[in-house]
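Subject: Structure handover

Hello,

Here is the structure for you to look through. My notes come after it.

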Amino acid sequence: MNFLFALTLIACVIFGVDGARILVVFPHQARSHYNVYEPLLKRLAEKGHQVVSVSHFPQKTPLANLTDVDVSSSLPSLIGTMTMSQSDKVYKWLKLKSVLENRGSVICDPVLSHPGLRKIVQSREKFDVYIVEIFVSDCFLSIAHVLEIPIVIGTITSVTVPWANDVLRNPEIPSYIPNWFSSYTDRMNFFERFGNSVDFFVTKLAYRYLSDNPSYEIAKKHFGNDLPDFDTLRSKISLILTNGHPVISTPRAVAPGFKELGGIHIPPSGPQPLPKHLQDFLDAQGNDGVIYFSLGSQINSSTMSNQVFAAFYKAFEQVPQQILWKCSEEKMPRLAKNVKCIEWAPQLSILCHPNVRLFITHGGLLGTQEAVYCGVPILGIPLFGDQHLNMAYFVKKGLARQLNYQQLSYEPLSNALNELLTNKSYTDTARKASLQFRDRPIPPLDEGVYWVEYLIRHGPGSLKIAAADLTWYQYLLLDVILVTIVSILLATWSVYKLCKLVFRRKNVASVSSNKKRM
Ligand SMILES: *[C@@H]1O[C@H](CO)[C@@H](O)[C@H](O)[C@H]1NC(C)=O
Ligand SMILES: *[C@@H]1O[C@H](CO)[C@@H](O)[C@H](O)[C@H]1NC(C)=O
Ligand SMILES: *[C@@H]1O[C@H](CO)[C@@H](O)[C@H](O)[C@H]1NC(C)=O
């Protein structure tokens with residue numbers, strides 16, 4: 001008996017030290033968002049942590065140490081639901097409004113009301129770490145507060161969104177860091193820097209009013225009126241993981257609590273083998289190669305306008321390549337002879353096949369990262385979210401061209417295809433970018449696991465900088481600047497007064513001496 005007890009104790013000590021209980025909440029129902037950090041959750045479970053994952057995408061086959069709480073019934077699926085014209089918001093402030101209104105506070109109530117999530121909250125289960133997606137609403141930070149989880153980690157599936165920088169005082173300087181909603185790059189002229197600075201304020205204000213305020217009301221409904229405000233809840237975040245990397249997004253200064261893990265969703269062992277029919281198809285196109293075309297999972301390709309379809313038909317007909325298009329054939333109009341429709345595409349494995357010459361995409365970050373990883377040039381037709389930002393960067397780097405969906409017609413499409421397929425410089429640049437993107441001290445997945453465990457070992461404050469405890473006017477030195485300006489004004493005023501006094505005395509003196517002379 002004693003022996004058994006001792007054994008259990010030893011086991012507890014051995015596993016208990018390393019194994020943390022981790023609650024993960026991915027409230028947003030876009031598959032691509034979950035895909036980015038799914039490998040991180042799996043790896044944490046493999047390492048012996050107990051992971052409870054609340055998301056819309058439960059594992060098909062259950063994994064040891066990973067418990068799924070499926071909340072997919074709370075929100076409608078997004079797959080294939082977006083029409084081309086709906087998604088194409090050209091003006092950036094419309095994009096901002098659309099994201100805040102359609103993806104922000106509207107998801108709070110359905111997901112927080114889901115019985116699976118409510119059960120976790122009501123049972124007051126103990127967790128050591130809370131991992132939550134930072135996207136367009138912070139209502140889910142309330143869970144870490146009510147469950148008193150000491151370590152809070154935010155994950156972002158794109159480069160950092162503007163409102164996530166304040167939390168850890170990540171340097172956010174509009175002179176060279178383009179706004180998430182813009183299509184600027186890190187080289188801006190005066191007018192662009194001006195516009196980017198305006199965007200900087202507009203996005204923050206819009207977030208406060210269109211996301212924070214309604215989200216906070218909903219959170220209070222669920223967790224009571226004494227729920228601290230979101231600024232307080234956000235200040236509990238100790239680490240933010242993002243999907244940026246200097247090769248695929250603006251190289252920038254980051255605070256120690258910000259970790260750029262661009263490409264974390266790409267398996268460290270590289271792409272999986274292709275299914276036989278695709279392998280045979282791609283192998284057979286040795287001479288001219290293949291163009292891979294995908295607009296991601298949310299866009300419904302069959303909702304393209306007839307003119308755009310006609311433009312693609314004519315342009316594709318004239319290139320020697322075969323086109324592999326992710327689409328469902330029965331819903332599409334007649335396609336050119338060299339176009340093959342596939343419903344499901346193992347994208348990374350296709351892009352890394354040596355016969356793939358070009359990737360046509362909406363410019364989503366995951367697909368374009370995969371193209372860069374594989375060294376394939378890109379033709380982008382950016383539509384929504386961060387796609388304009390991503391494409392602007394790739395165009396600037398010289399590995400991509402982009403087209404405007406509104407003005408998409410045969411001429412520009414055909415010109416872009418010819419340029420990308422015949423001018424070697426795009427492929428060369430893409431190859432170089434691939435080498436640079438893969439050149440890491442450790443794979444991003446291992447790095448992500450490392451930082452999560454680092455916080456478990458050293459505590460939530462271990463990556464914080466003192467700037468996080470300053471008020472905004474202290475951080476921006478506005479108090480110092482104010483005192484300096486006031487001092488200069490005072491000094492100037494005193495000198496002026498003094499001069500006036502001296503001058504008057506002199507005047508008076510000279511007047512009186514004049515009088516004497518008279
Ligand atoms: C699950 O966690 C335990 C420790 O808690 C660990 O020994 C085991 O290897 C993990 N299982 C898998 C399949 O990763
Ligand atoms: C995509 O659009 C087509 C044509 O408008 C429609 O028939 C189809 O149902 C749509 N698919 C989805 C998943 O909404
Ligand atoms: C190929 O593209 C590069 C980069 O856009 C450009 O500088 C160069 O002039 C092009 N070469 C030809 C032959 O068009």
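Below is what was found, from the whole chain down to single residues.

This is a predicted model, in which local features need pLDDT of at least 70, side-chain atom pairs count only at pLDDT 80 or more, and totals for chains, interfaces and linings use all residues. Residues are numbered from 1 along each chain as its sequence is written, while chains are lettered from A and ligands numbered from 1 in the order in which they are written.

Overall

The protein chain has 19 helices and 13 strands; these are DSSP runs numbered from the N terminus, with at least four residues (H or I) for a helix and at least two (E) for a strand. The C-alpha trace spans about 115 × 80 × 45 Å along its principal axes. Of the 518 residues, 40% are buried. Buried is used for a residue with 20 or more other C-beta atoms within 10 Å of its own, exposed for 12 or fewer, and partly exposed for anything in between, with C-beta atoms placed from the backbone.

Domains

The domain assignment gives domain 1 (16-267 + 443-469), domain 2 (276-438) and domain 3 (471-500); such bounds come from an automatic or database assignment. The C-alpha centres of domain 1 and domain 2 lie 29 Å apart. Their contact takes 36 residues from domain 1 and 30 residues from domain 2, where contact is defined as C-beta atoms, placed from the backbone, within 7 Å. On the domain 1 side, helices H2 (31-46), H3 (84-87) and H4 (92-103) each give two or more residues, and H2 gives the most, with four. That side has 15 nonpolar, 17 polar and four charged residues. In these classes, Ala, Val, Leu, Ile, Met, Phe, Trp, Tyr, Cys and Pro are nonpolar, Asp, Glu, Lys and Arg are charged, and the others, Gly among them, are polar.

Strands

An open sheet of six strands runs in the order E10-E9-E8-E11-E12-E13, with parallel pairing; two strands pair if DSSP finds at least two bridges between them. E10 (339-342) and E13 (400-402) are the edge strands with a single partner each, so one side of each has no neighbour in the sheet. Neighbouring strands are turned by 20° against each other on average, direction ignored. E9 (residues 322-326) is joined to E10 by four bridges, and Ile 323 has Val 339 as its bridge partner in E10. Helix H13 (residues 365-374) packs on this sheet, touching E8 (290-294), E11 (356-361) and E12 (378-380), and its direction makes about 165° with that of E11. Axes here are lines fitted to C-alpha atoms, for helices over the stretch in contact, with angles from 0 to 180 degrees between N-to-C directions.

Elsewhere, strand E6 (residues 237-242) has six of its six residues buried. E6 runs parallel to E5 (residues 151-155), with four bridges, and Gly 154 stands opposite Ile 240. E6 also runs parallel to E7 (residues 258-260), with three bridges; there Leu 241 stands opposite Lys 259.

Ligands

Which residues surround ligand 2? They are Gly 80, Thr 81, Asn 300, Ser 302, Thr 303 and Lys 331, and by class the shell holds no nonpolar, five polar and one charged residue. Ligand 1 has seven residues around it, with Gly 19, Glu 46, Gly 48, Ala 64 and Asn 65 coming nearest. Its shell divides into three nonpolar, three polar and one charged. A residue is near a ligand if its C-beta atom, placed from the backbone, lies within 6 Å of it.

Regards

Methods:
Two residues are in contact if their C-beta atoms, placed from the backbone, lie within 7 Å.
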